[in-house]
Amino acid sequence: YNILISKGDVSVMDIKNLKIDLEHKILKAKNVVIVPHTKTDLDAIGSALGLSLIAKKFKKDSMILVDSLYGVIDSSVQTVVTEAKKKDFSIVTKGEYLENKKERELFVLTDVNSLDRTPLEEEIKEEEKENIVVIDHHHKGKEALITPTSYINPEISSACEIVTKLLCQYRIKYDEDIATYLLAGIYLDTNKLQKNAKEETMNIVGKLIGKGATIHKVNRLLVEDFESDRKIQELVNQTQFFNLQYATALGSELEEYTEVELAKAADYLLKFGPDCSFAIGNIGDNITSIKARSNGKIDVQSIMMKFGGGGHSYSATASIKDKTPMEVGKILTKVLKPTFYIEEV
């Protein structure tokens, strides 16, 4: 297997090998199904659109599968989906995909490395690894799917950065709208280029700006929804700080948040100086999500792995089923206590 996963692993695939393997897989398939993670964010949809252009280069039909076109996904993603559909990108829900399922499909997972975080968790068979490509920048958890063509590189800022590199490798032309979507994905996952934005990331940002993307256009795409912003601020208002080392914002069990709202709350809390922050809230379907952020001193990815989640050392997440935000908050306190608490005498 040509795999790039994390430090210490012996098998390494570079971007040129990914280019060769992906081209071979696309040419062999009749159709390409691009699968971002559920509750698709800007990094997932931006990278998916770039992958669709790659399929088009090799004259293959492709469709991008999202769990929902409205309601579940963030308003900025809805804007991208609406604009992309006008450009004849095929973006479908799970139900629409199942109605039009075809033979010899190649599945390309982007911004995710486990099937349980995709809309096709039950439909994609893990034993069909030859027909699955994984492109991701998160650390692999225990449910990670490793296939013959897996590019999982936690050292890279975002899936959009990986896909932009592929577009350069294939010398594919794209317009300023696609450049903006790709830049938005990088901008989101680096917290406005403030974390994990290395020299290579900035080189990619420069290439996208050269294609017509601008931070101004990205900010217009990211314009805050008033009601959503109020929810984030109310969540932040419920924050508790512990020993100035970490902060926890605990949402009401009766309030439902999007994962983007929780992520924004966790990012916002770092402004106040804790080494790490956690935003915990109900995201529907009896699932409580934790979004964890770090200033670099604390490895939040290892903390989220205790909840079955993962991510990066500075940005990680976990989803816990059948537990309320308060119950999850109490568990998190116990997990953190040996490290952060000073016992009262």
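Mentor: Helices (H or I, at least four residues) and strands (E, at least two) are DSSP runs, numbered from the N terminus. Keep in mind that this is a predicted model, where local features need pLDDT of at least 70, side-chain atom pairs count only at pLDDT 80 or more, and totals for chains, interfaces and linings use all residues. Residues are numbered from 1 along each chain as its sequence is written, and side-chain values use heavy atoms, leaving out hydrogens and water.

At the E12 end, E12 and E13 (residues 315-321) pair in the antiparallel sense over 2 bridges; two strands pair if DSSP finds at least two bridges between them. Gly310 has Thr317 in E13 as its bridge partner.

Now for the charges. Asp229 and Arg230 meet in a salt bridge, 2.7 Å from N to O; the term means a side-chain nitrogen of Lys or Arg within 4 Å of a carboxyl oxygen of Asp or Glu. Arg230 is partly exposed, at 36% relative accessibility. Lys291 and Glu259 form another salt bridge, at 2.8 Å. Since Lys291 is in E11 and Glu259 in H10, this pair ties together parts that are 32 residues apart in sequence. Both Lys291 and Glu259 are buried (buried is under 20% relative accessible area, exposed over 50%, partly exposed in between, with a 1.4 Å probe and protein chains only). The count of salt bridges comes to 13.

Now look elsewhere, at strand E2 (residues 31-36). E2 is largely enclosed by the rest of the structure, because 6 of its 6 residues are buried. Asn31, Val33 and Val35 point one way, while Val32, Ile34 and Pro36 point the other. E2 pairs in the parallel sense with E3 (residues 61-66) over 4 bridges, with Val33 opposite Met63. E2 also pairs in the parallel sense with E5 (residues 105-110), over 6 bridges, and there Asn31 stands opposite Glu105.

Finally, the nonpolar side chains. The largest nonpolar core has 53 residues, and Leu49 and Leu208 are among those with the most contacts inside it. Such a core is a set of buried Ala, Val, Leu, Ile, Met, Phe, Trp, Tyr and Cys residues joined through side-chain atoms within 4.5 Å. Apart from that core lies another, of 18 residues, including Ile298, Ala318, Val328 and Leu336.
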